[in-house]
Structures are given as C-alpha cells and as structure tokens.
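User: Could you walk me through how some of the helices sit together here?

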Amino acid sequence: MFGQANVLAQGQAEFPPGVGDFYLPSILPWGAENSFWFTKITAMVWIAVGVLIIYFLASYRKPQLVPTKKQWLAESIYGFVRNNIAVDMIGHQGVRFAPYFTTLFCFVLLTNAFAIIPFFQISPNSHIAFPAFLAVISYVLFIWVGIRHHGFGKFFKNSLVPPAPWFILPILIPIEFASTFLFRPFTLAVRLFANMFAGHMILLVFTLGGFAMLNANAWLAPVSVLSWLMTVALTFLEFLVICLQAYVFTVLTASYVQGALADEH
Amino acid sequence: MSILAEVTGSTAAIGYGLAAIGPGIGVGLVFSAYIQSTARQPESSRMTLPYVWIGFAVIEALALLGIAFGFIWAGTA
Amino acid sequence: MAGDQKPPNTGGPGDSPSGAGQGWTALSYLIGGMAVWGFIGWLVDRWLDTGGIATGVGVVLGMAGGIVLVVRRLGTPT
C-alpha cells in the first residue's frame, strides 16, 4: 500500500486500483518478475500459523487451576468457540470438533485481521486459494464425519433422498445433490474471499483516491482529507466484517457437520 | 403514429424491479410476524420456525423466478 | 418481565440447525433447484433448439422442487 501511495504521490501509478494490485512483488527471489513463490501473502500465512502455535503453546505451558491472565484469555477463546459454536450447533457430540473449530476460527480471524494491521494491510484471504482450501477442508470434514457416522450408503441416502413421495424424488435428488455437495464448498469459499477482496479494494480506492486528488489540482486538495477520513471509517467497518466472516465460516462448517451427523430429517 | 417516447435497451431490469416489490413485502411480513410471536412467547420460537421457512420459500420463489425470467427472456423490445 | 427464558436450544444432532443454518439451506434449495433444472432446461433448449421455452419450464420445475424440498426438510415441525 505505501509503495503505491508514494509512487502515486510522484504521479506515476494510475489511480483506480485494479486486480493487478493484489499481485504483490515476490520476496524470494527478490524482485523477480511475476514469480509468486514467496510473496508477502505467503509470509503472512506463515506468520499467522507461527503466532497461533506460539500463543497457544505459551499460554498452556504450566496450566494452573487458578488461571493466569494469559491462560484465561486462551481458555476463553476456546470456551467461546466450543460453547457458542460446537456445542450449540452440534450438541454434546460437538465437543469432539471444538479444537478444530477453534483453530479454524483463530486462523481465519488472524489472517483476516491482517487486512487492517499496518504494514500488512492485505489479507491472504483476498487470494482465492486460501478460502478455497479452507472450504475444501470443511467439505471433506463433513463428508468424512457423515460416512463414518452413518456408513457410506446410508449417509448418501440420508442426505440425498428427502422424505417425499417417490414420484417426485427424481426432481428432488439433483437439487439436493447440487445444494449439498456443490454449492456448500463454493459459497463457503467465495463468501470469505469476496468479503476480504472487496474490503481491501475499498480501502485502496479511498486511500489512493486521496493521493490522486492531492495531485490533481488545488481545488481538490482539501477533498483528499475527506477521502482519508472515509478510509478510517471503513477500517472500523472492515474490522466488523473480519470478525463476522470468521464467525460465519466456523458456524456454517459446524452446521454442515451437524447436518451430516443428523439421523433422520 | 409517430413515436413519442421510446424505451430502448433491456426492459428485463424494469420487469424485475416490479417483480421484486411483492416478494419483498411478503417476506418482510412473514419475518415480522415470527419476531412478534417469538417476542410474545419465546418458547414457541422452535414450533413456529418451520412455518417461517415454508412461507419464506413460497414467497421468495416469486422474486427468484423474476430474476431467472429476466435473464431467460431479456426482452430488448 | 415474564422471566426472559431462552428458547430451549437442544442443538442435538437430530435437531435442525439454528436459524442461520436453516436460512442458508432454504435459500440454497431454492436457488439450487432453479439452477439445476434451469440448466437442464437450457441443455434441452440447445438440443431441440426450442428457443428459451425449455429453460423457462426447467426453472419453474426446479423452483417447485426447491419449495417441496424446503417444506419437507425444514417445514415439518418435529
């Protein structure tokens, strides 16, 4: 972001930011033309994983009965996800999934939060690969759980054949198949991706817009301050979107697992 | 007869705009009734929720048909 | 206030998911029904080249199927 800003300040970069601005320069090998092996996005994902591992390990090093402040915070995060998402959606069987849901929730929340943390200012989830892979994991999870709980045939019969008279079943089965096995991973991935992509794009427009107006002419210069105020306001909105998307992703994964575990509708 | 006013381009969008008025109001009524009934009697929320979804499905179908027909027969009269 | 009880939230596996989950499933059934049978109708259109009629019929059929699915899956009070 800052690179573009001062480039724009000298009046080189064109104002309306495009999709191209999401392809960041590669770090290793430094400055290589469109090699995306190790860019800021990859570095951010590694940082997020590192931070999560270190944080939860450190806060559980010597767990005492009377938790220290650090331990209490980690336990409250886990407790929130376990009670409000796992147990609330899946019932007593949900405790089994609570660790994964907590990791998923914390990872998505942290990677989303990179969108508004200075010096990062872009979320890895604005690249489709990461939400897509998280959606694939959730997809495989709920199918695997369903097959292990019900057995192969019964799971597909249970999820594909609704309780309806036999003669309209041929109409219903394709719809059930499409909405359970095609739309779920697709909507799960695209919802997170679109929110993060749009959030970054909006912040880019208002920030670079301010600089563009600054360079334009004397009349527009004061308006650029308005544009930057808008950026500040949108950053608070973006914070809400970040938390909401992390929560919705985890709740829907829990809902899909619950659907797979359900005995008979 | 000379043409007084001519609408060019796709009239599908206008059609969809009109088609969305009814379902919008209908779904609003369904959910407001559900919220009021839950406010009056919280424990009835689980029992009335299935009817909310029946109402929602039947009403929302009209709006979705509006979008679909807008694309299928994008009349460019 | 008449004791603000929280509506009994069993959340058991047999129970249908909370409101948010149901909302998304209801919408996905409707749109899914329309998309699947609309696409099949569109294929029939291109095959028999009946000019948009089969797609329309497919969309209506899919919508009807979607509604039946929502009623059957979410609309039968257990």
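Analyst: Let me start with a term: contact means heavy atoms within 4.5 Å. Helices (H or I, at least four residues) and strands (E, at least two) are DSSP runs, numbered from the N terminus. This is a predicted model, in which local features need pLDDT of at least 70 and side-chain atom pairs count only at pLDDT 80 or more, while totals for chains, interfaces and linings use all residues. Residues are numbered from 1 along each chain as written, chains are lettered from A and ligands numbered from 1 in written order, and side-chain values use heavy atoms, without hydrogens and water.

User: Okay, which residues of H6(A) meet H7(A)?

Analyst: Phe155(A), Phe156(A), Ser159(A) and Leu160(A) of H6(A) touch Ile173(A), Glu176(A), Phe177(A), Thr180(A) and Phe181(A) of H7(A).

User: And at what angle do H6(A) and H7(A) pack?

Analyst: Helix H6 (residues 152-160) of chain A packs against helix H7 (residues 169-216) of chain A at about 105°, with axes 9 Å apart; axes are lines fitted to C-alpha atoms, for helices over the stretch in contact, and angles run from 0 to 180 degrees between N-to-C directions. H6(A) is therefore roughly perpendicular to H7(A), a label for 65 to 115 degrees.

User: What about H3(A) and H8(A), how far apart are their axes?

Analyst: The axes of helix H3 (residues 69-90) of chain A and helix H8 (residues 221-261) of chain A are 8 Å apart, at an angle of about 35°.

Conventions: Angles under 35 degrees count as roughly parallel, over 145 as roughly antiparallel, 65 to 115 as roughly perpendicular and the rest as oblique.
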